[in-house]
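Here is a short briefing on one protein chain. Look over the sequence and the structure first, then read the points below.

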Amino acid sequence: MARRLRPVELDFVETAPVRHVFEREVAAPVAAVYGALEDVPGWAEWFPQVSAARPVDAGAGRDITLTGGIRFRESVIAAKAPEVYAYRIDVTNMPGVRAMAEEWRLAPAGTGTRLRWTFATDGTAAYRLALKVARGGQARAFRDAVRALDRRLAA
């Protein structure tokens, strides 16, 4: 059953009880990387855990389905090209979560881009414990997604 989460704003990525921050550099320029983040359906082509993605509410929101059946209805809370793209999860079928937001920050790195992803969340004690265990898997997912994105943008 889907449940509505506590609405949060961009400052939540700095204050959330659980924060996972990952960084990588890619060869693609900042504008191209930002464009890929705004291309919601394209996420399923470069982020392996995303099986389906579609914009909703005239681009103000996103419907995301992960492999394994986890679903999110998201609201974009920051779209400041080419530096930051962020969204909060409004509704999900994931158990234990109470609030969640993700932020992607981009900065020039030579001719490429430094990409920083912050995953910020709050939930039950069991949920928070599970996320501590899952951090390594998130790091791998981010690494694999960024590699795939860089290959896609180079093509």
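A residue is called buried when its relative accessible area is under 20%, exposed when it is over 50%, and partly exposed in between, using a 1.4 Å probe and protein chains only. The model is predicted: local features need pLDDT of at least 70, side-chain atom pairs count only at pLDDT 80 or more, and totals for chains, interfaces and linings use all residues. Residues are numbered from 1 along each chain as its sequence is written, and side-chain values use heavy atoms, with hydrogens and water left out.

**Overall build**

- The chain holds four helices and eight strands, where helices (H or I, at least four residues) and strands (E, at least two) are DSSP runs numbered from the N terminus.
- Read from the N terminus, the order of elements is β-α-β-α-α-β-β-β-β-β-β-α.
- The C-alpha trace spans about 40 × 35 × 30 Å along its principal axes.
- Of the 155 residues, 45% count as buried.
- Contact means heavy atoms within 4.5 Å; among contacts between residues at least 6 apart in sequence, 55% join residues at least 24 apart.

**Nonpolar cores**

- A nonpolar core is a set of buried Ala, Val, Leu, Ile, Met, Phe, Trp, Tyr and Cys residues joined through side-chain atoms within 4.5 Å.
- The largest such core has 37 residues, and Trp43, Trp46, Met100 and Trp104 touch the most other members.
- Helix α4 (residues 125-154) gives the largest share of this core, seven residues.
- Apart from this core lies another, of seven residues, including Val8, Phe12, Ala16 and Ala120.
- Leaving out residues up to four places away in sequence, Trp43 touches Ala36, Leu37, Val50, Ala53, Arg62, Tyr85, Tyr87 and Trp104.

**Backbone exceptions**

- Most residues other than glycine have a negative phi, and most peptide bonds are trans.
- Asp57 is not a glycine, yet its phi is positive, near 55°.
- Asp57 sits in the loop between β3 (50-56) and β4 (61-66), and it counts as exposed because its relative accessibility is 56%.
- Ala58 also has a positive phi, of about 55°, without being a glycine.
- The loop between β3 and β4 holds Ala58, and Ala58 is exposed because its relative accessible area is 90%.
- Ala81 and Pro82 are joined by a cis peptide bond, with omega about -5°.
- Pro82 lies in the loop between β5 (71-80) and β6 (84-92).
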